[in-house]
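Subject: Structure handover

Hello,

Here is the structure you are taking over. Please look through it before reading the notes below.

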Amino acid sequence: LPNRAFCYARRDAPPAGSGLYEHSTFEFVVKSPSISWFLKKAAGIETASSRLGHSSVSSLTLCHVYEIAKLKQPDPFCKHMSLEVLCKSIIGTANSMGIEIVK
């Protein structure tokens with residue numbers, strides 16, 4: 001069993017993917033952490049609200065949302081999305097986690 005420090009390090013490690021192709025070539029892609037991870041770090045919380053839609057655990061500004069969107073845009077699954085669409089997605093995720101977005 002790994003020690004507690006190793007568990008914390010693994011939890012904060014960025015997700016990665018790899019692929020093995022013909023002719024002994026491979027691809028290794030390091031992605032940025034999930035949107036929920038960024039939201040929790042920016043809001044300074046450990047977990048999301050247990051009563052979704054009823055209680056707010058923290059609040060963030062639109063500036064925070066924009067900065068998270070700029071960090072997520074280079075990801076392979078997000079690079080085709082505009083910043084506006086990413087911001088709307090981040091706001092939706094924040095609302096579902098009980099994080100209020102203020103202007």
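Helix 2 (35-43), helix 3 (62-72) and strand 4 (99-102) are among what covers the buried residues of helix 4. Helices (H or I, at least four residues) and strands (E, at least two) are DSSP runs, numbered from the N terminus. Buried means under 20% relative accessible area, exposed over 50%, and partly exposed in between, with a 1.4 Å probe and protein chains only. Covering is judged by contact, that is, heavy atoms within 4.5 Å.

This is a predicted model, in which local features need pLDDT of at least 70 and side-chain atom pairs count only at pLDDT 80 or more, while totals for chains, interfaces and linings use all residues. Residues are numbered from 1 along each chain as its sequence is written, and side-chain values use heavy atoms, with hydrogens and water left out.

The buried residues of helix 4 are L86, C87, I90, A94 and M97. Seen down the helix axis, they fall within an arc of 100°, so they line one face of helix 4; the arc is that of the directions from the axis to the C-beta atoms. On the face turned away from this buried side are the exposed residues E84 and K88.

Helix 4 covers residues 83-97, and its 15 residues should span 21 Å at 1.5 Å a residue; the end C-alpha atoms are 21 Å apart, which agrees. The expected span is 1.5 Å times one less than the number of residues. After helix 4 comes G98, with a positive phi near 85°.

**Helices 2 and 3**

The axes of helix 2 and helix 3 come within 11 Å and cross at roughly 140°. Axes are lines fitted to C-alpha atoms, for helices over the stretch in contact, and angles run from 0 to 180 degrees between N-to-C directions. I35, F38, L39 and A42 in helix 2 meet H64, I68, L71 and K72 in helix 3.

**Cysteines**

How many disulfides does the structure hold? It holds zero, a disulfide being a pair of cysteine sulfur atoms within 2.5 Å. C63 counts as exposed because its relative accessibility is 51%, whereas C87 counts as buried because its value is 15%.

**The chain as a whole**

The protein chain has four helices and four strands, in the order α-β-β-α-β-α-α-β from the N terminus. Of its 103 residues, 24% count as buried. Among contacts in the chain with a separation of 6 or more, 54% are between residues 24 or more positions apart.

Regards
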